[in-house]
Amino acid sequence: MADSKEEIVLKPIGVIHTDASDSQIKEENREVEAVVEIFPEFEEALEDLEGYTHLFIISYLNKLRPDQIGFLKVKPRRATRRGFRLEELPTLGVFALDSPTRPNPIGLTLVRLHKIDKRQLSVAGIDLFDGTPVIDIKAYQPDYVAKQYSMPKWYHEIMDRTGHI
């Protein structure tokens, strides 16, 4: 059994290219378009991806400042854009949030795949900055949909006031 504290080394398989500015990405515009460039040595892994409409992009959040990495509890700051004051918001465990502040700066994004041209994946719905390293891609499968789910009370309280967290 491997030591659970051993160092993990990941090699990027590609990079995000987008004309959207960092501030446009932060605005949560779900229609931001990008090209996911896959590096030549991983091109073969793209075979049989044609036909999928959605992909998960797993990325390394390389633009986080060192002071944003490692926290275990934070406030859901996105809610401040929807009228909440920071002091009104609860402090929550980062695993309960889609916050970039995490023990490991790993991102997970669901995008719509428009086109594949050799090593270039044209996508929409990206929330990653230009130049973000891509660690992996996983095709969306229909069994990923949760047919029954629940959300915690704090989430419903924020949703009731803003319509979206």
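1. Basis. In this predicted model, local features need pLDDT of at least 70 and side-chain atom pairs count only at pLDDT 80 or more, while totals for chains, interfaces and linings use all residues. Residues are numbered from 1 along each chain as its sequence is written, and side-chain values use heavy atoms, with hydrogens and water left out.

2. Overall layout. The protein chain has two helices and eight strands; helices (H or I, at least four residues) and strands (E, at least two) are DSSP runs, numbered from the N terminus. Along the sequence the order is β-α-β-β-β-β-β-β-β-α. Taken along the principal axes, the C-alpha atoms fill a box of roughly 50 × 40 × 35 Å.

3. Burial and surface. The protein chain has 165 residues, of which 34% count as buried. Here buried means under 20% relative accessible area, exposed over 50%, and partly exposed in between (1.4 Å probe, protein chains only). The protein chain exposes about 11,200 Å², and carbon and sulfur atoms supply 52% of that area. Accessible areas come from the Shrake-Rupley method with a 1.4 Å probe; for residues, only the protein chains shown count as cover.

4. Contacts along the sequence. Taking contacts between residues at least 6 apart in sequence, 72% join residues at least 24 apart. A contact means heavy atoms within 4.5 Å.

5. Strand 1 and its partners. Strand 1 (residues 14-17) runs antiparallel to strand 2 (residues 33-38), and four bridges join them. Two strands pair if DSSP finds at least two bridges between them. In this pairing His 17 stands opposite Val 35. Strand 1 also pairs with strand 8 (residues 133-139), in the antiparallel sense and over two bridges. There, Val 15 is opposite Pro 133.

6. The structure holds seven salt bridges, each being a side-chain nitrogen of Lys or Arg within 4 Å of a carboxyl oxygen of Asp or Glu. One of them joins Glu 37 and Arg 119, at 3.7 Å from N to O. Glu 37 lies in strand 2 and Arg 119 in the loop between strand 6 (106-117) and strand 7 (120-124), so this pair ties together parts that are 82 residues apart in sequence. Glu 37 counts as buried because its relative accessibility is 19%.

7. Other salt bridges. Asp 136 and Lys 138 form a salt bridge with closest N and O atoms 3.8 Å apart. Asp 136 is partly exposed at 30% relative accessibility, and Lys 138 is partly exposed at 42%. Elsewhere, salt bridges that share partners join Arg 85, Glu 87 and Glu 88 into one network. Within it, the closest N and O atoms of Arg 85 and Glu 88 are 3.9 Å apart. Glu 88 has 33% relative accessibility and so counts as partly exposed.

8. Charges. The protein chain carries 22 positive and 27 negative charges, whose mean positions are 8 Å apart. Lys and Arg count as positive and Asp and Glu as negative, without His and the chain ends; each charge is placed at NZ of Lys, CZ of Arg, CG of Asp or CD of Glu.

9. Positive phi. Which phi value does Asp 48 have? It is near 75°, a positive value in a residue other than glycine. Asp 48 is in the loop between strand 2 and strand 3 (54-60) and, at 71% relative accessibility, counts as exposed. Lys 118, likewise not a glycine, has a positive phi near 60°. Lys 118 sits in the loop between strand 6 and strand 7 and is exposed, with a relative accessible area of 65%.
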